[in-house]
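Biologist: Pick one part of this model and take me through it slowly, with the cut-offs as you go. I'd like the links between side chains as well as the packing.

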Amino acid sequence: MVNTVRKKLGTLLVGGLLCVGFSGTSYALEAGSKAPDFSLPGSQGSVTLSSTAGSVVYVDFWASWCGPCRQSFPWMNSIQEKYRAQGLKVIGVNVDGKNEDAKKFLSQNPAKFTVAFDSKGLTPKTFGVKGMPTSFLIGRDGKIISQHLGFKEADRDGLEKQIKAALEANK
């Protein structure tokens, strides 16, 4: 009887630990944690996060069906242009299942920043993305500074202040 109870408790403990271990990728990454690297096909060739080491990176996960994504593109174009010389790199990661949908969106909403395509949706899972758009601000040290869900006009100033602070830090 005691052995049966121990086996059941052991099985539950191992199962619980496995669930916790696997669920770590389903939660959004915390500020201060290392941003997971990715390598994805892009509109200008392969896009890897590790190739941006030493830069401040704004990674934005978006989809063609996302209304707020249409609003965020002009803003991302402008901040990329405004802060490129100070070391900002904007990477938009498209999560559409069909690249044709993304390309149609891009023909109507041109990107003046790097665009990557993740039709399998693995990268947003690694980052713990819960909705579109979701963005992550990553410091020069490769650690996440902040994350932001959604996009509206009222978000612009706050996001830009965070980017400016990140560019000033650890120059």
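Modeller: A word before we start: buried means under 20% relative accessible area, exposed over 50%, and partly exposed in between, with a 1.4 Å probe and protein chains only. This is a predicted model, so local features need pLDDT of at least 70 and side-chain atom pairs count only at pLDDT 80 or more, while totals for chains, interfaces and linings use all residues. Residues are numbered from 1 along each chain as its sequence is written, and side-chain values use heavy atoms, with hydrogens and water left out.

A quick stop at the cysteines: both C66 and C69 are buried. They form a disulfide (a pair of cysteine sulfur atoms within 2.5 Å), with the sulfurs 2.4 Å apart. The link of C66 and C69 is right-handed, with 85° about the S-S bond, and the structure holds one disulfide.

Now the part I'd pick, helix α5, residues 156-168. Helices (H or I, at least four residues) and strands (E, at least two) are DSSP runs, numbered from the N terminus. With 13 residues, α5 reaches 18 Å from its first C-alpha to its last, close to the 18 Å expected at 1.5 Å a residue; the expected span is 1.5 Å times one less than the number of residues.

Its buried residues are L159, E160, I163, A166 and L167. They sit on the same side of α5 because they cover an arc of only 120° around the axis, taken from the directions from the helix axis to the C-beta atoms. That buried set packs against β3 (56-62), α2, β4 (88-94), β6 (134-138) and β7 (144-149), where contact means heavy atoms within 4.5 Å.

The structure holds four salt bridges. One of them joins E153 to R156 at 2.9 Å, N to O; E153 is partly exposed at 47%, and R156 is partly exposed at 25%. Another pairs D155 with K152, the closest N and O atoms being 3.7 Å apart, and D155 counts as buried at 11%.

Technical notes. A salt bridge is a side-chain nitrogen of Lys or Arg within 4 Å of a carboxyl oxygen of Asp or Glu.
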